Amino acid sequence: MAFVAKPDRIDTFSTIHDWESADYEPTLPVSEKSNPLTRHIDRAPASSIVKMLQACDAQMFQEKSQTQYQRLLSEEMVKTLMEVAERVRLILKDPQDSLVVLSGCGTSGRLAFFMASGFNRELQRLNYAPVCSYVIAGGDRALFSSQEAPEDDPTLGALRLKKVSEGKKRVLFVGVSCGLSAPFVAGQLDFCLRHPDVYTPVLVGFNPAHQARKEPIPGCTLTFHSVVTRMEELAKTQKAFLINPALGPEAISGSSRMKGGSATKILLEVVFSASFSRTPVTFNGILQHLRSYEKALDFTYSHSEEIAALMEAAGRSLQCGRQVCYLGWGSLGLLGLIDASECKPTFGADHEDIRGFVSGGYKELGNNEGDLTLMGPEFSISHDDFLDGVLPRLTDDDAVLLLYSHSDDVDEVAKLARRVREKTSNIHAAYHQTDGDAAAKQDDINKLCSSTVIFTWPQEASKRLQHLREFSTKLLLNAVSTGAHIFKGKVFKNYMIDLQVTNSKLYRRAARLLQKLSGHSESECEEALLKAIYQVDKLSEDIATCSLETHTHTAAKAKKVVPLALVCLLTGCSIKEAESRLEQQPIVREAMETCLKSS
C-alpha cells in the first residue's frame, strides 16, 4: 500500500499566490501577512475550514517561484541542512565535551523541548550518548502556560544558554524564532557570535533575512536584524547557519504555532535523522526526507471529513462554555499538551477550555525542572490528574479526544475510554497503525467512541513512522483547536482578534491589527490599545511614558484588550461602553460586525 494520492483541491486554493506579490501587504514580513486563502475562514463550515488549512499547510512545500523567497525545498535550503547535519555528526563523535542546544520562545520553545527529548531518546536507542538540551523562555512553566514576557529579554537568553552549556568545548546552538524577532533568541545568537571558539549558531525562522526585526531591543544595542546580518556574513564560511525558508502566511495571521511549528519540527528532524544515520549525508537523501512530510500531509488531510467532525464536536463544546480534553500516550500525548497550552495566548482562551493530559505525567515528560503540579491546576498533566480533577465534572457537552498508536498500551487506552464513557458519550479518538496491524482490541475502543480517525500508514513509511505520525497528529490538533475557537468567535476574518498582548511582538501585532481593521492612524491605534490595557478613557502622562515592558506586564492581566480597543476606535465610545457591548455579544466576531455596521 502506498501513500494516498493527493486529493482534489479547489482551484482557487491552489492557484492563489498573491501573498508573494511585492504590493501585497508590503510593510509586513511574510510571517505576519494575512493569507489570501483564508480571508473568510471565520464564516466557513468545518469542511471548508479543513480544506483551507490543507491549502495553507501545502504552501510549505511549494516550489520556489520568481520572487526573492527561498522555500523549504530550495536547493540552498537542502545544502544548508546537509551542512548542519555534518556539524551534529561532529558533536556525536565527542559527546563528553560537546552539546546541541535547542532554544525558543512560546511554541518554538515548546518544540525545542519536544525535539531535544525525542532526539535524546533516539540517541540512546542507537547506543549514542544523549547530547541534546533545551532552553525555553520562561522556564518549564512556559511549557504549559503563557510565560511570554521573558521573550523580550536578550540578556536572560544569553545567561540561560551560558548556564546550560557550561564546561562544554563545542556547542551547536539552534535558536528558533519563526518571525526572526524574539529578543531572547537574539541575545543567545549574539552570545554565540561573541564566543566563536565554542559556539556555532544556527538560526531557524521563516522570514527572509532582510525582514528580521529592526526595532531596537530595550536596554541593549542589538536588533534582531543586526544579529542576522552578522550571521549572514559568517554563513559564507560555515561559521554560522541560517535556515529560513518562506512558508507563506499562516492560516490565522501570525499564528506561528501552525506552519511555523510544523516546519520547525520537519527541519530539525531531517537534520538529526541524517546525522544519526550510518550512511553519508546526501542531497537526495535530505530532499526525499523532506518530501516524505509532504506525502504525510496529504495522507493526513485525506481524512478531512473525520477531522471536520472532530472540529465540530470541539467547537460545540467551547460554544456552550464546556471544555475539550486531549488524553494521549507517549509523544502524541505530549503534542496534545503543547497544542492545548498554545490556545490561551493565541485565542485569549481560559486554560480549562482545551486541556491536555499524558499517560505517565511528568515521568513521560522528562523536563528539566521535574514535577510542576504544585504550581497550579494548569500544571496537572497526568491521566490520574484528569481522573481525579476533571472526569467527575464531565457531561455530554464536554469533548474528549484520545491520541494513541498501535505501539501504545491499547488495553490501558480501552480501560480509560470505558471510564470516560461512563460520564460522557462525547468521546472521540485519533489512532495510528501500520498496514497489517491486528485491530481486535481497537474494535472495542471504536465501540466506545462517537467517532474515530484511523490513520493506517503504509509499510514504506515504517522507517520514519514515529516522526510522521507525530507530524500528522500535530496537523490534526492544530486544525481541531483552531476550528473550535473559530466557532467560538475568537477569529475575525483570519485574524486572532482576542490575542493576549504579553510581549513586544504581540503588542506590535495588536497595534497593526487595530490599524488594519479600523483604518485609523498608528498613533491613534496605539493610544486606543493603551486605554484598553489600563482601562482608562484618557491616558495620563505616567501611562504614556511607561516602558513597553510595563505595558505588556499590565496587559497580561487584562481581558479582551484588542476587541475593547477596536470597539472604541470604531464607535468613539468609552471603555465602559465598549465592555458593555462585548458583554451583550461575547462572541467577538459578532460584536465587531455590529460595531462596523453601526459606525
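Predicted model: local features only at pLDDT ≥ 70, side-chain atom pairs only at ≥ 80, totals over all residues.
Glu233 pairs with Lys236 in a salt bridge, and their closest N and O atoms sit 3.2 Å apart. The structure holds 24 salt bridges, and its largest nonpolar core has 153 residues.

- Glu233 counts as partly exposed because its relative accessibility is 49%.

- Glu342 forms a salt bridge with Arg257, with 3.4 Å between the closest N and O atoms.
- Glu342 belongs to helix α11 (residues 330–347), while Arg257 lies in the loop between β5 (241–243) and α8 (259–276), so this pair ties together parts that are 85 residues apart in sequence.
- Are these two partners buried or exposed? Glu342 counts as buried, at 3% relative accessibility, and Arg257 counts as buried too, at 2%.

- Glu526 forms a salt bridge with Arg508, and here the closest N and O atoms are 3.6 Å apart.
- Because Glu526 lies in helix α18 (residues 522–534) and Arg508 in helix α17 (residues 504–518), the pair ties together parts that are 18 residues apart in sequence.
- Glu526 is partly exposed, with a relative accessible area of 24%, and Arg508 is partly exposed as well, at 25%.
- Which residues are linked with Glu526 in a network of salt bridges? The network joins Arg213, Glu215 and Arg508 with Glu526.

**The nonpolar cores**

- In soluble globular proteins, nonpolar side chains tend to be buried together.
- In this model, the residues with the most contacts inside the largest nonpolar core are Leu53, Leu102, Phe144, Phe272, Ile286, Leu290 and Tyr326.
- Helix α16 (residues 465–487) contributes the largest share of this core, with 11 residues.
- Apart from this core lies another one, of 31 residues, which includes Val171, Cys192, Val228 and Leu242.

**A closer look at Ile286**

- Ile286 is one of the residues with the most contacts inside the largest nonpolar core.
- Leaving aside residues up to four places away in sequence, Ile286 touches Val78, Leu81, Met82, Val270, Ala274 and Val281.

Notes: Residues numbered from 1 in each chain as written. Heavy atoms only, no water. Core = buried A, V, L, I, M, F, W, Y, C linked by side-chain atoms within 4.5 Å. Buried < 20%, exposed > 50% of the residue type's maximum accessible area, 1.4 Å probe, protein only. Helix = DSSP H or I, 4+ residues; strand = E, 2+ residues; numbered from the N terminus. Contact = heavy atoms within 4.5 Å. Salt bridge = Lys/Arg side-chain N within 4 Å of Asp/Glu carboxyl O.
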